[in-house]
Amino acid sequence: MTDFLSTGTLPEHYRDLALTVRDFANQVVAPVAAKHDAEHSFPYEVVAGMAKMGLFGLPFPEEYGGMGGDYFALCLALEELGKVDQSVAITLEAGVSLGAMPIYRFGDEKQKQEWLPRLASGRNLGAFGLTEPGAGSDAGGTRTTAVEDGDSWVINGSKQFITNSGTDITALVTVTAVTGQTGDRKEISTILVPTDTPGFTAEPAYNKVGWNASDTHPLTFDDVRVPKENLLGERGRGYANFLRILDEGRIAIAALSVGAAQGCVDECVRYAGEREAFGKTIGSNQAIAFKIARMEARAHTARTAYYDAAALMLAGKPFKKQASIAKLVASEAAMDNARDATQIFGGYGFMNEYPVARHYRDSKILEIGEGTTEVQLMLIGRELGL
Ligand SMILES: Cc1cc2nc3c(=O)[nH]c(=O)nc-3n(C[C@H](O)[C@H](O)[C@H](O)COP(=O)(O)OP(=O)(O)OC[C@H]3O[C@@H](n4cnc5c(N)ncnc54)[C@H](O)[C@@H]3O)c2cc1C
């Protein structure tokens, strides 16, 4: 079996973490993945297990209830989880990089003390509400408003496709809202909205093509009143701040995608070595072996791309272009590998309970969420001065 970690290029503490998460993924996540997918049920028991391992606190300092690790550690965990269940991986990705990270990056001390221990422990989940019915790729098109009224912000509007926003343990949704206008320039700010605030509603969950065990809802805000101190970061910096969050998030989505791409390789190596046709294993046909070799090359190339982006980010160097490249190539690797794996599994590949079938349905969103393929190309082009 191919195994990048066994090459020994990673420092020991990273390798140990990845191997621990790999065991958890194989022993706890994989056995229930098909069931939660079929039932469209949120895997509370798996999330509780990840919380116990400290995965929701991986990149946060211990003073905020975190594990004192870094963003690359989170990526390694996402890759391992993404191999066996993308729904579980995206629940962790969104909980950490979209739910908690904005508070760690932009919150004041009081906000950090109030929210990070709850989110880093995995006791509660946070969500990030940016996308709206009329504002996705063009996130600056936000129409949700937050108006000052005495000591409060009063929020009205709606968000759509928001991950982790309606579970029993979701405590907070951070939203972007228009807080003012100068000429035709919108002032966009970010505000913390506890989910028990009157007027906040997580509407019924979507019926999705994939990521069935992850939690995704439209949200409505009807005169939602929160204290003024719930402003996250500077007023008017909401747009710039969420761009930073999305840049990082792209490395995390790339890691999850590499997991999916590698998961397809691993399934195919096993299956092609066992399945027989015309008196020999299908893997002994070069047509199949070449297909799997190409899948491995895609996964490996995408992995080096996200390692590179993460290394730049951790070194405090510019990483925008590398994050977009990693997200672009990794999401395409996942989708291409899922398509090839389904072909290699033949009719079984079209049966929902098979992991490759789940990857086939799950992987498409990797090319859409946290910036579509076209948006990544736009960003890479901009970095090249085009
Ligand atoms: C399961 C799921 C979970 C999600 N979770 C979250 C979440 O937690 N928080 C959140 O805020 N959002 C979330 N999203 C939203 C996601 O980030 C958006 O769907 C995505 O950014 C695309 O926006 P859109 O759907 O409005 O598509 P559009 O922006 O309407 O794009 C439609 C198509 O047009 C293309 N396009 C747009 N502009 C251009 C251009 N200038 N040049 C070329 N092509 C262009 C796009 O690439 C795309 O192919 C989630 C979505 C899904 C499906």
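How many residues surround the ligand, and which are the closest? The views below take up this question and then turn to selected helices and strands. The model is predicted, and local features were considered only at pLDDT of at least 70 and side-chain atom pairs only at pLDDT 80 or more, while totals for chains, interfaces and linings use all residues. Residues are numbered from 1 along each chain as its sequence is written, and side-chain values use heavy atoms, with hydrogens and water left out.

**View 1. Surroundings of the ligand.** The ligand is surrounded by 18 residues, the closest of which are T131, S137, F161, T372 and E374; a residue is counted here if one of its heavy atoms lies within 4 Å of the ligand. Taken alone, the ligand exposes 980 Å², of which the protein buries 63%, the areas coming from the Shrake-Rupley method with a 1.4 Å probe.

View 2. Helices and strands are DSSP runs numbered from the N terminus (helices H or I, at least four residues; strands E, at least two). Helix α1 comprises the 28 residues 12-39, which at 1.5 Å a residue should span 40 Å, and its end C-alpha atoms are 39 Å apart, which agrees; the expected span is 1.5 Å times one less than the number of residues. A kink of about 50 degrees lies at V29, shortly before the proline P31, where the bend is the angle between axes fitted to the seven residues ending at a position and the seven starting there. The helix is followed by H40, whose phi is positive, near 55 degrees.

**View 3. Packing of α1 and α9.** Among the buried residues of α1 are Y14, L17, V21, F24, V29 and H36; buried means under 20% relative accessible area, exposed over 50% and partly exposed in between, with a 1.4 Å probe and protein chains only. The buried residues of α1 pack against α2 (44-53), α3 (71-84), α4 (86-106), α7 (286-314) and α9 (355-362), contact meaning heavy atoms within 4.5 Å. In α9, 6 of the 8 residues are buried, namely V356, A357, R358, H359, R361 and D362, and what covers them includes α1, α3, α4, α6 and α8 (320-344).

**View 4. V193 in strand β5.** V193 lies in strand β5 (residues 185-194) and is buried, with a relative accessible area of 0%. Leaving aside neighbours within four places in sequence, V193 is in contact with residues including I155, V173, F200, F221 and V226. V193 and V226 are 33 residues apart in sequence, yet 6.8 Å apart in space, C-alpha to C-alpha.

View 5. D247, in helix α6 (residues 238-274), counts as buried because its relative accessibility is 9%, and beyond its neighbours within four places in sequence D247 is in contact with F319, K320 and A323. D223, in strand β7 (residues 216-227), has a positive phi near 50 degrees although D223 is not glycine. F278, in the loop between β9 (276-277) and β10 (280-281), likewise has a positive phi, near 55 degrees, in a residue other than glycine, and F278 is exposed, with a relative accessible area of 87%.
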